[in-house]
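Here are a few friendly notes to go with the model. Please have it open while you read them.

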Amino acid sequence: MTEYNPIIVALDCSAAEALELARTLRGRVTWLKVGMTLYYAEGPGIVATLTEMGFSVFVDLKLHDIPHQVAGAAASIAKLGAGMMTVHASGGEPMMRAAVDSARRAADEAGVEPPAVLAVTVLTSSDDAMLASVGVSRTAAEQVKLLALVAADAGVDGVVCSPQEASIMREVLGDDALIVTPGVRPTWSQAGDQARISTPAAALAAGASHLVVGRPITEATDPAHAASRILSEIEETN
């Protein structure tokens, strides 16, 4: 496996496509993201398979339920050896704390490293107008900050937020927090359905620790080349 790099490739596809992408990207990236599309279709086995291939796996199911249910789900994810997992910060402090405590306990019982529990603040597909339409009077940036503070009180390891809020999150959460930013698009890629986006280099400069990149890599004619191109652009900027 390569040295650590900040790219997390989102595998929102079938198992066959995911495994083909994994084989193609092996040696180019460290992290792969398994979200709802792939996990619900294939179950936990896909996480185990990707882990066995040498990848660190980010299980992004955005858990949001009563604390008891979220604790059980977090334990199941932790036992798989996942490196990261997500909960919705809007579920509140007790729910997030239940996830953190349960994940750590289950990982210890299974003899694996506990996953970093990340709180999802405001989805990158949402903007101020979208929030207002569901009764949130704060701007997206204000709502992200509020939820991040609640998440920090719950003991999470970091947050998921748009690149536009990464600098605020770094100030609020400190140097050790993981700040994972979807909505990352290189200049040569389409924005797609995400409203609050940034280039990879700009997201890292703002304070992001990891960058979730999906379609610019997974839909490229040569995914490995696309990943290398993004890494090169980051290195050139730095």
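Contact here means heavy atoms within 4.5 Å. Helices (H or I, at least four residues) and strands (E, at least two) are DSSP runs numbered from the N terminus. This is a predicted model, with local features needing pLDDT of at least 70 and side-chain atom pairs pLDDT 80 or more, while totals for chains, interfaces and linings use all residues. Residues are numbered from 1 along each chain as its sequence is written, and side-chain values use heavy atoms, with hydrogens and water left out.

1. Let us start with α1 and α3. In α1, A15, L19 and A22 meet I46, T49 and L50 of α3. That contact divides into five nonpolar residues, one polar and no charged (Ala, Val, Leu, Ile, Met, Phe, Trp, Tyr, Cys and Pro count as nonpolar, Asp, Glu, Lys and Arg as charged, and the others, Gly among them, as polar).

2. The axes of α1 and helix α3 (residues 45–52) come within 11 Å and cross at roughly 15°; axes are lines fitted to C-alpha atoms, for helices over the stretch in contact, and angles run from 0 to 180 degrees between N-to-C directions.

3. Next, helix α4 (residues 67–79) packs against helix α5 (residues 93–110) at an angle of about 35°, with the axes 7 Å apart. Residues making this contact include P67, V70 and A71 of α4 and P94, M95 and A98 of α5. By type, the contact of α4 with α5 divides into 14 nonpolar residues, two polar and one charged.

4. How many aromatic pairs does the structure hold? There is one aromatic pair. The rings of Y39 and Y40 have centres 6.5 Å apart and planes at 75°, so the pair is edge-to-face (rings of Phe, Tyr and Trp, its six-membered ring, pair if their centres lie within 6.5 Å; planes under 30 degrees apart count as stacked, over 60 as edge-to-face and the rest as tilted). Y39 is buried at 14% relative accessible area, whereas Y40 is exposed at 57% (buried means under 20% relative accessible area, exposed over 50%, partly exposed in between, with a 1.4 Å probe and protein chains only).

5. G27 sits in the loop between α1 (15–25) and β2 (31–35) and is partly exposed, at 33% relative accessibility. G27 and F55 are 28 residues apart in sequence and 9.5 Å apart in space, C-alpha to C-alpha.

6. Finally, please look at K62 in strand β3 (residues 56–63). Phi of K62 is near 50°, a positive value in a residue other than glycine. K62 is partly exposed, with a relative accessible area of 22%.
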